[in-house]
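Student: I would like to learn how to read a structure like this one, feature by feature. Could you take me through it slowly?

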Amino acid sequence: MPVESGNSAAARQAKQKRKSHSLSIRRTNSTEQERPGIHRDMLEGQDSKLPLPLRNNLLDLFGQIEREFENLYIENLELRREIDSLNERLAGEGQTIDGGDLSKGALKTKASHSTSQLSQKLKTTYKASTSKIVSSFKATTSRAVCQLVKEYVGHRDGIWDLSITRIQPLVLGTASADHSAMLWSIETGKCLLKYAGHAGSVNSIKFHPTEQMALTASGDQTAHIWRYMVQLPPPQPPADISASLDDDVDFSDKDEADGEVDGPSECPTIRVATTTLKSHQGVVIAADWLVGGKQVVTASWDRAANLYDVETSELVHTLTGHDQELTHCCTHPTQRLVVTSSRDTTFRLWDFRDPSIHSVNVFQGHTDTVTSAVFTVGDNVVSGSDDRTVKVWDLKNMRSPIATIRTDSAVNRISVSANQRIIALPHDNRQVRLFDMTGVRLARLPRSNRQGHRRMVCCCVWNEENQACNLFTCGFDRQAIGWNINIPALLQEK
């Protein structure tokens, strides 16, 4: 087999370099209409781990920067031509007045002054243009202020769900894979009550809108309704726990002790439910109260959702139609509407406003399991999925989403702030991110210096009644965390 000589190999490398250089020149001198196509062709030929939408977005941004500097370069050339023309004119005037050259007397001073003015004008132009570019980047990187306030530690296994009571006293409820649900003092982090009536993992917890009752769903194929009475301990001075959003010091799961976490101090325990709802043939993954609190809906791995009467415990309706296991259910805060999500990549909207008609609408907007779909105070539904997207829908026209948020990890049970309309996204990769309803990213919760979650974040819930601790998250690191989120007014307007 012939072997390529060293001289020929060097010549071939030089030819490839010249070819690459010529391609670079052609790309720089191409028209704006041709440039996007060439960029995409070059990107497709490169080996990159970045998702294509993100690469295209970066390409557009750098293209805008390139066009700005091209404009500045053209302005620079025009200004230099003006300088040369002025110098020529001044030289002609100097010959007429003094008969000398530009290095003498008033003519030199005049030329120097005019050149200085043009130079200052050029600097001002450059400064204004570059400031415009930099300010545009600052607008997109503004961050909310997020501060860790309190940690709630006591469960012996991962926490699947959490909720805030709707009436006083305000307490935090958590549902855990350790077969228990707990109620916590928000201010002190102390466990106030433990419910141990389930024989399986507690997958969901929701509080009655007007009474001291809780609804829990479990892997033992049942949902329980139980009453609680708690007395809040005296408040304690808050600890000064803060973290910067810019810190991104990661740590391994090995830092977490593998042994059992010490349980909370002695607290009252309830072991018997007031009402037991049992009509499912599989794990009950979620449950929620309908508006008014007289009926509840449950979602199960048996591919059905059930509607129950609270007073009689009777099954009112069985909602069937999903092709695979259900993952979540949610009720509208003011209307008799229910949304169920499933592993079949769809979510369904069930309408019970007319007693004689129970309509259902199927929405296919995701490509993987829909992990949750929730109503907002307005006419919107927000859905999250394992396909790493979150979609915002308009109830009046749900043919296509009005906004799509793309992330780098699967999204679990989301929560939308009623007052500020901010979406909190818990991720499999231990991150929690905040977006507005238009899809603009506002912040990422800190996860550094051993603050934040160390494993998958399962759920988020907003607390509109407490500004000091207005967002809660829970995860499979066996803890719930309370956060203070301060969103600047400028970001809210955006």
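Student: What should I know before reading any value?

Tutor: This is a predicted model, in which local features need pLDDT of at least 70 and side-chain atom pairs count only at pLDDT 80 or more, while totals for chains, interfaces and linings use all residues. Residues are numbered from 1 along each chain as its sequence is written, and side-chain values use heavy atoms, with hydrogens and water left out.

Student: How many helices and strands does the protein chain have?

Tutor: Helices (H or I, at least four residues) and strands (E, at least two) are DSSP runs, numbered from the N terminus. Here the protein chain has five helices and 29 strands. In the span 195–226, which is 0% helix and 53% strand, the end C-alpha atoms lie 8 Å apart.

Student: What share of the residues is buried?

Tutor: Buried means under 20% relative accessible area, exposed over 50%, and partly exposed in between (1.4 Å probe, protein chains only). Of the 494 residues in the protein chain, 45% are buried.

Student: Which residues have the most contacts inside the largest nonpolar core?

Tutor: In soluble globular proteins, nonpolar side chains tend to be buried together. A nonpolar core is a set of buried Ala, Val, Leu, Ile, Met, Phe, Trp, Tyr and Cys residues joined through side-chain atoms within 4.5 Å. The largest one has 25 residues, and F347, F375, V381, V382, I423 and L425 have the most contacts inside it. Among the elements that give two or more residues to this core are β17 (347–354), β20 (380–385) and β24 (422–426), while β19 gives the most, with four residues. Another core, of 18 residues, lies apart from it and includes A443, I481, W483 and I487.

Student: Is T331 buried or exposed, and what does T331 touch?

Tutor: T331 lies in strand β15 (residues 326–331) and counts as buried because its relative accessibility is 9%. Contact means heavy atoms within 4.5 Å, and, not counting residues up to four places away in sequence, T331 touches D288, W289, L290, V297, L337, V338 and F375. A polar contact is a pair of N or O atoms within 3.5 Å; within protein, one must be able to donate a hydrogen and the other to accept it. The side chain of T331 makes one with the side chain of D288 (3.1 Å), and a polar atom of the T331 side chain lies 2.7 Å from the backbone oxygen of W289.

Student: Where is L349?

Tutor: L349 is in strand β17, and it counts as buried because its relative accessibility is 10%. The C-alpha atoms of L349 and T331 are separated by 9.8 Å, with the two residues 18 apart along the chain. Leaving aside neighbours within four places in sequence, L349 is in contact with residues including L337, V338, F363, F375 and L395.

Student: How many cavities of 30 Å³ or more does a search of the whole structure find?

Tutor: On a 1 Å grid over the protein atoms alone, a cavity is a set of points where a 1.4 Å probe fits but cannot get out, and lining residues have an atom within 4 Å of a point. The search finds one cavity of 30 Å³ or more. The largest cavity has a volume of about 40 Å³, and its lining includes R430, L445, H453 and W483.

Technical notes. 1 Å grid on protein atoms, 1.4 Å probe; cavity = no way out; pocket = protein on both sides within 12 Å on 5 of 7 lines; lining within 4 Å. Points joined across faces, edges and corners; volume = space filled by probe spheres on them.
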